[in-house]
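Subject: A structure for you to look through

Dear colleague,

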Amino acid sequence: RTWLITGATGFIGSHLVKPLLRRGDRMIALVRDPKRAQRRLNAKVRIVRSLDELPDQASIDGIVNLAGEPIFGMPWTESRRKRLLASRIDTTRAVVALCNRLQHKPTVLINGSAIGYYGVHGDETIDETTPPQSMFQSALCSEWESAAAAASASGVRVACLRTGVVLSGDGGALPRLARPVRWYAGVVPGTGTHWLSWIHIDDLIRMLLLALDNGRYTGAINATAPEPLRYRDFYSLLGDALHRPIWMHVPASVVKAGLGEMAQLLIEGQRVIPRRAQELGFEFRYTTAARALRAIYGTAH
Ligand code: NDP
């Protein structure tokens, strides 16, 4: 089968490409910089810079849409907010336009989303029925999901994976969180009583592969492990895994002063449970953060 992937050069995308290649599937990657992508992607992946390069007769079985400017980075100024939105919405609209014009419609569009959809909820348990709030990260995710939902008008099954913080040793947030800990400078952001909803990269990739193949994966699905934990407990596990002490908190006011609204990503968490995935019978291999960190860091550092 043939899959179109956007964001294939990124952290999650590159983990997804490997098992698809192993099972002999074909892939088309939409990228901004073909030369750079050639260096990063297996030569078997066809690279396109624009979806206009694909004819109406192209045969594409499904689409995974992950492209988007990184959320964590420079503070969310007006121009960066615009880029964060446009990088996702414009790509998604192009994907939907492709679905509209293809003669043989793709079966499925798996779209990225994030637990930022839910906003800030303190200790409240959140599932897929919890509504978004009026704040930037909620708006970003809900506009991204709405843009993707338009593909259903072409008969395409649409599933949006509201993904938690993805844990892996080779990309995403964890290496960035671990670096100061390794240097004996591990500090818990804010009070540490806020929640971290996470997923191990292997479970996320298994969920993405299942969502491509299984027609029951539709609508919003939380891609988070069944056992979220408080930040202070996560940092304590991370300190244990790296054999380093975690001895300080950095006050929320300091994080806010440095990062503005983007500080929400560090000092206000969400306690998300994967209700739909569990109803669908998805079996998490990494149910606890302790298990995930053990698998990532093993015993030798
Ligand atoms: P990465 O940042 O690693 O990769 C995203 C890809 O998007 C890049 O490879 C790039 O592809 C493309 N991209 C980057 N900036 C732009 C831009 N300005 N315009 C168009 N395309 C752009 O992200 P991840 O793999 O970590 O995540 C994939 C998606 O899932 C993202 O949208 C992210 O927000 C979301 N997500 C990730 C989580 C995580 O913990 N990693 C958690 C929740 C959601 P190229 O350079 O080839 O064009």
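Predicted model: local features only at pLDDT ≥ 70, side-chain atom pairs only at ≥ 80, totals over all residues.

Residues are numbered from 1 along each chain as its sequence is written. The protein chain has a mean pLDDT of 95, and 99% of its residues reach 70 or more; pLDDT is the predictor's confidence in each residue, from 0 to 100. The scores of the model are ipTM 0.99 and pTM 0.97.

The ligand is surrounded by 26 residues, of which the closest are Gly10, Ile12, Gly68, Ser87 and Val166, where a residue is near a molecule if its C-beta atom, placed from the backbone, lies within 6 Å of it. This shell divides into 12 nonpolar, 10 polar and 4 charged residues, with Ala, Val, Leu, Ile, Met, Phe, Trp, Tyr, Cys and Pro counted as nonpolar, Asp, Glu, Lys and Arg as charged, and the others, Gly among them, as polar. At least two residues of the shell come from each of helix H1 (11-22), helix H3 (78-101), strand S5 (108-114) and strand S8 (165-167). Helices (H or I, at least four residues) and strands (E, at least two) are DSSP runs, numbered from the N terminus.

In H1, the buried residues are Ile12, Gly13, Leu16, Val17 and Leu20. They cover an arc of only 135° around the axis, which puts them on the same side of H1; the arc is that of the directions from the helix axis to the C-beta atoms. A residue is called buried if 20 or more other C-beta atoms lie within 10 Å of its own, exposed if 12 or fewer, and partly exposed in between, with C-beta atoms placed from the backbone. Lys18 and Arg22 are exposed residues on the face of H1 turned away from its buried side. The cover over the buried residues of H1 includes strand S1 (2-6), strand S2 (26-30), strand S4 (62-65), S8 and helix H6 (201-213).

In H7, Tyr231, Phe234, Tyr235, Leu238 and Ala241 are buried. Seen down the axis of H7, these residues fall within an arc of 120°, so they line one face of the helix. They pack against helix H5 (173-182), strand S9 (187-189), strand S10 (195-196), strand S13 (229-230) and helix H11 (289-297).

Most residues other than glycine have a negative phi. His243, in the loop between H7 and strand S14 (248-250), has a positive phi of about 55° although it is not a glycine, and His243 counts as exposed because it has 11 C-beta neighbours inside 10 Å. Tyr184 also has a positive phi, near 60°, and its place is in the loop between H5 and S9.

Finally, Leu174 belongs to helix H5 and is buried, with 22 other C-beta atoms within 10 Å. The C-alpha atoms of Leu174 and Ile296 are separated by 9.9 Å, although the two are 122 residues apart along the chain.

Terms used. Contact = placed C-beta atoms within 7 Å.
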